Amino acid sequence: MNKLSLTAVVASTALVLAVPAHSTEKEFTTKVEIDAWFPDAKVGSKDDAVRKNDVDASQAFSIAFEHPFAYVPNVKVRYTPVRSDRFEYDQIDYTGYYKLLDTNGLQFDVGLTLTQFANGEFNKGGSIPGGRADQSFSETAMNMYADASLHIPDTHFHIFGQYDFGSGSGTRTMDGQAGVKFILPVDAVDLEIKVGYRVMDHEFGYFEGFDSNQANVMVDGWFGGLSFDF
């Protein structure tokens, strides 16, 4: 069994276990998030890649829909454009997830994410020796998804973390973030203010003249954002 198949089996088992956590009392909700992300990048072999501050200040946008139907997954879509002197792509994450835990102190979601890399360009201008320059790509990857939030008692603060990971067909993708958020209930809307650190660490197996180690793209940095939970 390859890594991608194993990932799918583990994730599917987690989803089945998560289904009972839904409650028929749960209402329909929509959550919109907007982040400003300020990353640096390393590209090429992990052994000799050099970090450069050549990534444009980036944004991330997401919208999630949750509902009271026990066996139907909740849905989230996230869009993150990444632009660098040496590579660029639009990362679109389509996630279906269930709530494994949902209490006043702890929330834990599990699911599957289909990640699309659209409008991709790698090795722009031949900046990585040994491979063909300006290789375009448009690919997808299947990832496991986990999202957790822990409430700090007697405050409006929560510690949060989100993680997507997948591996298969010579490609490994990882996108994770962690931080602190402040939740302020305002009438029918919960306003979240958050600060954290996000890391994309992708080893692409798509390119002529490169193996996945040579085609490693790491983008990481601090972010701040707002979200509105209706």
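Predicted model: local features only at pLDDT ≥ 70, side-chain atom pairs only at ≥ 80, totals over all residues.
View 1. Residues are numbered from 1 along each chain as its sequence is written, and side-chain values use heavy atoms, with hydrogens and water left out. The volume of the largest pocket is about 970 Å³. Its lining has 41 residues, and Lys31, Lys99, Gln107, Glu192 and Asp229 are the closest to the centre. Strand β6 (residues 135-151) gives the most to this lining, with six residues. (On a 1 Å grid over the protein atoms alone, a pocket is an open set of points with protein on both sides within 12 Å along at least five of seven lines, a cavity is a set where a 1.4 Å probe fits but cannot get out, and lining residues have an atom within 4 Å of a point. Points are joined across faces, edges and corners, and a volume is the space filled by probe spheres set on them.)

**View 2. Lysine 31 and glutamate 192 meet in a salt bridge.** The N to O distance between these side chains is 3.1 Å; a salt bridge is a side-chain nitrogen of Lys or Arg within 4 Å of a carboxyl oxygen of Asp or Glu. Lysine 31 belongs to strand β1 (residues 29-43) and glutamate 192 to strand β9 (residues 189-203), so the pair ties together parts 161 residues apart in sequence. Strands (E, at least two residues) and helices (H or I, at least four) are DSSP runs, numbered from the N terminus. Lysine 31 counts as buried at 18% relative accessibility, and glutamate 192 counts as buried at 5%. (Buried means under 20% relative accessible area, exposed over 50%, and partly exposed in between, with a 1.4 Å probe and protein chains only.)

**View 3. Lysine 124 and glutamate 88 form a salt bridge.** Their side chains meet at 2.9 Å, N to O. The pair links distant parts of the chain, with lysine 124 in the loop between β5 and β6 and glutamate 88 in strand β4, 36 residues apart. Lysine 124 counts as partly exposed, at 23% relative accessibility.

**View 4. Arginine 83 pairs with aspartate 90 in a salt bridge.** Their closest N and O atoms are 2.8 Å apart. Arginine 83 is partly exposed at 27% relative accessibility, whereas aspartate 90 is buried at 6%.

**View 5. Phenylalanine 117 is one of the residues lining the largest cavity.** This cavity has a volume of about 30 Å³. Strand β8 (171-186) supplies the largest share of the lining, three residues. Phenylalanine 117 itself sits in strand β5 (residues 106-122) and is buried, with a relative accessible area of 0%. Its C-alpha atom is separated by 9.9 Å from that of threonine 80, which lies 37 residues away along the chain.
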